[in-house]
Amino acid sequence: MRAQPPASHFIDGTYRHDDTAPARPDLYPYDGSVIAEIREATEAEIDAAFEAAVAAQKIWGAMAPVERGRVLRRAADLLRERNAALSELETLDTGKPIQETLVADAASGADALEFFGGIAATLNGEMIPLGEDWVYTRREPLGVCVGIGAWNYPIQIACWKAAPALAAGNAMIFKPSEETPLSALKLAEILIEAGAPPGVFNVVQGAGRVGAALVSDPRCAKVSLTGSVPTGRKVYAAAAEGIRHVTMELGGKSPLIVFEDADIENAVSAAINANFYSSGQICSNGTRVYVHKSIHDAFAERLVARVANARLGDPLDPETTIGPMVSETQRDKVLAMIEKGKSEGAALLCGGTSEGPFVAPTVFAGVTDGMSIARDEIFGPVLSLFSFEDEDEVVNRANNTDFGLAAGLFTRDLTRAHRVVARLQAGTCWINTYNLTPVESPFGGNKLSGVGRENARAALDHYTQTKSVYVCMGDTEAPF
Ligand code: NAD
């Protein structure tokens with residue numbers, strides 16, 4: 001097996017697993033070969049992870065923030081040094097093209113560790129004067145945080161959760177998606193090498209049962225989930241039972257609006273990035289592309305011509321631009337949505353076909369707002385084109401969705417750009433580009449797309465609690 005780790009879990013600084021626990025084969029999506037066999041965490045292992053995390057958090061939380069930051073920045077350097085190997089591992093686990101994983105996965109994880117390592121020591125409270133008396137506030141860690149990941153950006157998701165959590169002095173137990181269990185283990189190794197005390201970052205494997213056990217454990221202070229809305233509902237409800245903090249990074253059905261004065265070639269590039277990168281398996285994708293009626297046909301023609309240049313193939317081949325879907329289940333879901341698109345009357349401009357684990361980049365035109373492909377998250381390489389006539393109309397249609405993760409627009413009109421962005425119901429908006437998510441910028445959703453924010457200084461608010469300390473400088477009076 002090409003990527004077998006020493007054991008399935010990483011708890012208290014070491015690899016371990018119970019040989020009698022059920023095992024699941026981990027597949028390379030391109031050829032279905034088994035690259036590792038991963039065992040599900042047992043109750044005893046989940047308990048051991050919490051014990052280790054509780055003990056380690058006391059040490060880690062008491063360290064000077066600048067020291068914690070140094071560990072995270074060292075980990076960032078190690079991630080970058082090992083980018084080639086980590087990218088290959090991520091490609092084997094997800095099936096994403098190596099030309100993507102080399103620049104977007106461990107690299108963006110390293111950015112998060114560097115950023116939060118850099119600002120760890122700036123996490124200050126306030127001093128609030130009250131005449132002679134005064135109040136000061138302390139930004140304290142929450143304790144043990146649980147991170148639960150999706151399969152599309154495994155190491156990025158692990159880092160986006162671990163970096164702010166650890167910077168603020170928390171410990172973390174991370175459960176990767178059962179589809180992509182491998183790279184989080186590498187992150188755990190790297191954090192130990194960088195100097196994190198054992199137990200500060202633990203990885204346990206398994207599917208929903210293990211995730212649910214982590215979230216309902218009384219030692220869990222917070223859960224940060226990246227996943228679908230149905231899972232989000234379950235995890236949020238379980239967290240509510242124990243009044244735990246939550247961050248929910250859920251699904252999307254985001255609009256990309258192309259006004260009549262847009263640079264068409266740039267807008268087509270954005271539509272391609274917004275729908276076909278990672279075979280469309282990206283939460284913030286702009287899958288509803290609204291193009292002004294006057295340029296709709298020209299846009300569609302250029303889009304279809306450029307999509308013909310996509311290269312489907314072995315994801316480890318540096319020339320490949322479209323890899324397989326992560327699993328047969330996901331491929332079948334996407335193909336079922338394509339069939340719905342056809343049967344509900346959308347016009348297939350290109351794609352719509354599948355060979356083995358691949359789904360060809362697919363463009364539908366003539367899509368109307370009520371069709372299933374216009375309303376439901378597909379999480380695959382399927383772009384829907386809509387035509388619109390005026391600004392008010394397109395803003396209303398763009399917002400007419402239960403989701404609110406992201407939105408983008410193309411125009412050369414400066415005032416229109418900002419006017420429209422202000423009206424779009426989405427956590428992240430792009431003007432004249434799409435899907436750039438630098439760590440410096442807060443990321444998260446409105447409406448069903450989630451609560452809380454990852455990245456940027458904003459993420460630290462979601463991994464700390466404020467303690468107010470009233471300091472009395474004089475005598476204390478009482479009525480009797
Ligand atoms: P999923 O909801 O099936 O699973 C997500 C994670 O939750 C997995 O680790 C899974 O094992 C775990 N899980 C499942 N049931 C659970 C339960 N009852 N309790 C605790 N944990 C449980 O999602 P997926 O198929 O892995 O990922 C695709 C989805 O993730 C899409 O909807 C996509 O939009 C979303 N996503 C969102 C973001 C974001 O940042 N907003 C990023 C990537 C993916």
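UniProt positions are given here in the numbering used for this model, with feature names shortened, and such annotations may be inferred rather than shown by experiment. The model is predicted, so local features need pLDDT of at least 70 and side-chain atom pairs count only at pLDDT 80 or more, while totals for chains, interfaces and linings use all residues. Residues are numbered from 1 along each chain as its sequence is written, and side-chain values use heavy atoms, with hydrogens and water left out.

Begin by selecting residues 25-469, which an unreviewed UniProt entry lists as "domain: Aldehyde dehydrogenase". Over this stretch the chain is 42% helix and 22% strand, where helices (H or I, at least four residues) and strands (E, at least two) are DSSP runs numbered from the N terminus.

Next, select the ligand and the 28 residues around it, of which Gly-149, Glu-178, Ser-228, Thr-231 and Glu-377 come nearest; a residue is near if one of its heavy atoms lies within 4 Å. Helix H8 (208-216), strand E10 (220-226) and helix H9 (229-241) each supply at least two residues of this shell.

Now look at polar contacts, meaning pairs of N or O atoms within 3.5 Å. An N or O atom in the side chain of Glu-377 is 2.5 Å from an oxygen atom of the ligand, a backbone N or O atom of Gly-227 lies 3.2 Å from a ligand oxygen atom, and a backbone N or O atom of Ala-212 lies 3.4 Å from a ligand nitrogen atom.

Finally, select Lys-161, Glu-249, Cys-283 and Glu-454, which the unreviewed UniProt entry annotates as "active site". Cys-283 is found in the loop between helix H10 (264-276) and strand E13 (288-292).

Conventions
Polar contact = N/O pair within 3.5 Å; in protein donor to acceptor, adjacent residues only side chain to side chain.
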